Every structure is written in structure tokens, then in C-alpha cells.
Amino acid sequence: MSQENEYVPPKVWKWEKANGGEFASINRPIAGPTHDKELPVGKHPLQLYSLATPNGVKAGIMLEELLARGHTGAEYDAWLIRIGEGEQFGSGFVEVNPNSKIPALMDHSTTPPTRVFESGSILLYLAEKFGEFLPRDTAGRTETLNWLFWQMGSAPYLGGGFGHFYAYAPTKIEYAIDRFAMETKRQLDVLDRRLAESRYLGGDDYTLADIANWPWYGQLALGRVYDAGEFLQVQEYEHVQRWAREIDARPAVKRGRMVNRTFGPLEQQLHERHDASDFETNTQDKR
């Protein structure tokens, strides 16, 4: 880039134009609702408001895994929030999550109902509520939470960093793509080294650490995120590949990926989920 075309930041930044890119229409420097809209409430105590992005998939997988273990109290209604259309800025959604990000959960089994936002918080809340996917011994619990919070701190560099500049930015910026590709590969190496010594991230057992990390890094390893598998040479991370395939084969993971999904093969989409039978009906309808 020549010196004459270099961007010089002003002394005070002002929001004077859209920044371009796929999500320009919903990006803004202020919080709060843009319109009044109540959220629907179904028949179950747990109400999930989401979309099947990697963060949204975490919640769907967690709930389906709990149901697979026989926790009928984990039955839930899933409602689609179309973030590309700004539905996360409706007044009802903002009441559940003032940060206007999916997923968000309301637990109506408590008085008053409990709101839970941020995907890591949702996983931890459900794990503690049902006593699953979080070891009870101090060492196991701590190691599991280490990897949960590692994901929460690391994935923004994958999504908001690499994913944005590689797939969504209006122009391709070599410096930005190189910077975040390097960091993404470093993170994959961190996981690969851990998984070389342990079946799962928290240890020998499948935990919420795996449920949190797999939608991002497992699906990246399987070539499903940003169409960047070849670019990042994800096949090189053999232990991540083994872990990603093993989790991908779990029936609850397959169901969780379908919840609030609006893209991909039709038989893998379930725009709303209100009962376990919805999965069977959905598959039949799409044949």
C-alpha cells in the first residue's frame, strides 16, 4: 500500500458511514433495542433464542446432550433469531441479552425466570443445573473450565479476526488475513498438543469444554467454517481431526447442529424446535 493511500485515523472517531462487508447493515456503535418486539414463549421451562452459528450451536448441542442422558427437564423450545435482519435488537431480546448477541436462554422453572446470556455462561448454567458435563472433583472441574474460558477468549480471533477479514470484509487486506491466519493456526496447534495427550479437552470424559470448542474448532477442522480448510491446511492437525470426527458422530451433536439452522442441506435445517419429534418430522418433510 502506498503512503498516499494509507488511512490516517482522526483524533476523534465518528460513525458517519457504514463500514461495508456482509454485516454492515446491523453494525452500530450503540447498544439497546431498535424496535419493540416481544419474544415468543413455548410450553417448556427452557426457552432458547438463537441461530445456528458456532456460538448458537453450542447451546443446541448442550441441550440435546442433556436430553440424551435422560434429563426430561432439559426439554426446550428453540426460537429462530435472524441476526442478519436485526431481530437481536428487538426489545424482548435485549431484555434477555443486553449485548444483543445469540444465543440467549430464559429458564422459566425459576421464580422469577432466570435470563442467561453468553454461550459460555449458558453451558455452565445448564451443566450445574443438571449436574452433567462438568467434573465434580476440583482438578477435573478446573481443567474443564480452563478450556471453556480458553475458547471464550480465543474464538473471537478466529471469528471476528480471521473469519471477518478472510470471508466477510469488503476488501481483502493481506496484513489482516496474515495476522489472524497465523493466530488461528497457533490456536489449532494449542488444541492439537492438548489432544495428543488427552482424549477430550478436559481429560478422559466428554465435557462442556468440548461442547464449547467443537462448534468453532472442530467444524473448522472438518472444513465447514469460512470455506478455509485448504487455506489453513487443517488436515495437518491430526489430533484435532480425530477429536472433531468423534464428536461429529454423536447423535446429540447432529441434532444440536440442526436447531435454528437456516442454511445448508434442507434435511439438516430445523428453523424452530419445540419437541423431540420435530427432528423426525423435519427429516420426513425434506425428503
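Q: What makes residues 137–266 a "GST C-terminal" domain here?
A: That label comes from an unreviewed UniProt entry, which puts the domain at residues 137–266. Such annotations may be inferred rather than shown by experiment. In this predicted model, the span is 71% helix and 0% strand, with its end C-alpha atoms 42 Å apart.

Q: What makes S1 and S2 a pair?
A: Pairing takes at least two bridges, and S1 (residues 46–50) and S2 have five, in the parallel sense. Leu 48 sits opposite Ala 78 in S2.

Q: Why are S2 and S4 called edge strands?
A: The open sheet runs S2-S1-S3-S4, with mixed pairing. S2 (76–80) and S4 (114–117) each have a single partner strand, so one side of each has no neighbour in the sheet. From one strand to the next, the twist averages 20 degrees.

Q: Which helices lie across S1?
A: H1 (residues 54–68) lies across S1 and S2, at about 150 degrees to S1. H3 (residues 119–130) lies across S1, S3 (104–107) and S4, at about 130 degrees to S4.

Q: What makes Trp 243 stand out in the largest nonpolar core?
A: Among that core's 62 residues, Trp 243 and Leu 126 touch the most other members. Helix H6 (residues 208–221) supplies the largest share, nine residues. With a contact cut-off of 4.5 Å, and sequence neighbours within four places set aside, the partners of Trp 243 include Leu 195, Arg 199, Trp 214 and Tyr 217.

Conventions:
Residues numbered from 1 in each chain as written. Predicted model: local features only at pLDDT ≥ 70, side-chain atom pairs only at ≥ 80, totals over all residues. Heavy atoms only, no water. Helix = DSSP H or I, 4+ residues; strand = E, 2+ residues; numbered from the N terminus. Core = buried A, V, L, I, M, F, W, Y, C linked by side-chain atoms within 4.5 Å. Buried < 20%, exposed > 50% of the residue type's maximum accessible area, 1.4 Å probe, protein only. Axes fitted to C-alpha atoms, helices over the stretch in contact; angles between N-to-C directions.
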